[in-house]
Amino acid sequence: MPQPPELASVVRRASFDLDTTTGRGTLGVCYCWNGLLLVTSEWRAIYTRRVLCPLYSARYLATLPSLPETGIHDGFTYRRCEILPNGRGGDGMPYFYFAIGWCNKEEQSVLDVYVLQDDIWAIYASVTTEIPRIDLLLPNSLIVGDKIYNMACVGGSNRLVSLDLASSCLSLVNLPEEVEFKRTELSLKNDYSEVHLNHVKGSQLRIWLHMVDNDDGLANWLLVNTICLHEICADYMIPTGVLEDVGDSKLLVYAAGVDSGLFFMEKDEVLYLFDIKRKTAKKVFEAT
């Protein structure tokens, strides 16, 4: 990502050599936020999860306790689990553990959320629903206020999943009709209070804001911005063919930044970074 000049020297001193902190075994990066990395290492069937700070490697290193047993509901098989950083901060709950399971016999789904307090995982919210299969689609969920958001395939259609941690209430929201999942990414609004849906349609990036009507409580979508990516590509010598073939499944959208200011798009194993506010773009990685 573009770095302000004052951060250049800090980035040059950063330590991205994870071998010294993760030890032996297979290493995986699970999450990144605010300059921190959540990494997991596996050695002889033992998993260790650590939080690292490459910019200040000596200052910040935390080892998370073993994950909780997800067997509090009989008959459910857990299909998806993830650790989420608490972006709210200041309330003594730095990490959540989000687990979702299915019960094929009863055609139900369960969503459990644990919170890490004093190095112990404690149940924080739990929802059992008659919806038989909720298959989360994005690799990382978002926490906005007291809610967890993700995209999911439910009954053959893609929906926005909203889990209210305070009330243990689950909501499934229809997406705008034109939205295709593989060209879609969620992001946070700049004050971390609401969710944007970023969708590439042809040569346009369309940014939708998820809203809830205070009168009737119903959720809807507001189209807040439309950007012509074709013009940006032409100005920065990126082949405009990247945006052709709308039906091509090889066009993917990754990792939209806060307030939809930045987003990454991949086509034919080439990764591009688009800065929407400055209307600039560049190729940042190409697989060989």
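I take buried as under 20% relative accessible area, exposed as over 50% and partly exposed as in between, with a 1.4 Å probe and protein chains only. The model is predicted: local features need pLDDT of at least 70, side-chain atom pairs count only at pLDDT 80 or more, and totals for chains, interfaces and linings use all residues. Residues are numbered from 1 along each chain as its sequence is written, and side-chain values use heavy atoms, with hydrogens and water left out.

**Entry 1: cysteines.** I looked up Cys 81 and found it partly exposed, at 36% relative accessibility. Cys 32 is exposed, at 55% relative accessible area. I then looked for disulfides, meaning pairs of cysteine sulfur atoms within 2.5 Å, and the count is 0.

**Entry 2: whole protein.** I noted 288 residues, of which 43% count as buried. The protein has 3 helices and 21 strands; these are DSSP runs numbered from the N terminus, helices being H or I with at least four residues and strands E with at least two. I took contact as heavy atoms within 4.5 Å. Among contacts between residues at least 6 apart in sequence, 40% join residues at least 24 apart.

**Entry 3: largest nonpolar core.** A nonpolar core is a set of buried Ala, Val, Leu, Ile, Met, Phe, Trp, Tyr and Cys residues joined through side-chain atoms within 4.5 Å. The largest one has 37 residues, and Tyr 95, Phe 98, Val 113, Ile 134, Ile 148 and Leu 163 have the most contacts inside it. Strands that each supply at least two residues of this core include E1, E7 (108–117) and E12 (157–164). E6 gives the most to this core, with 7 residues. Apart from this core lies another of 20 residues, among them Ile 227 and Met 265.

**Entry 4: Ile 134.** I listed the contacts of Ile 134, leaving aside its neighbours within four places in sequence. Among them are Ile 100, Trp 102, Cys 153 and Leu 170.

**Entry 5: second largest pocket.** A pocket is an open set of points on a 1 Å grid over the protein atoms alone, where a 1.4 Å probe fits, with protein on both sides within 12 Å along at least five of seven lines; lining residues have an atom within 4 Å of a point. Of its 13 lining residues, Cys 30, Arg 49, Cys 81, Glu 82 and Ile 83 are the closest to its centre. E5 gives the most to this lining, with 4 residues.
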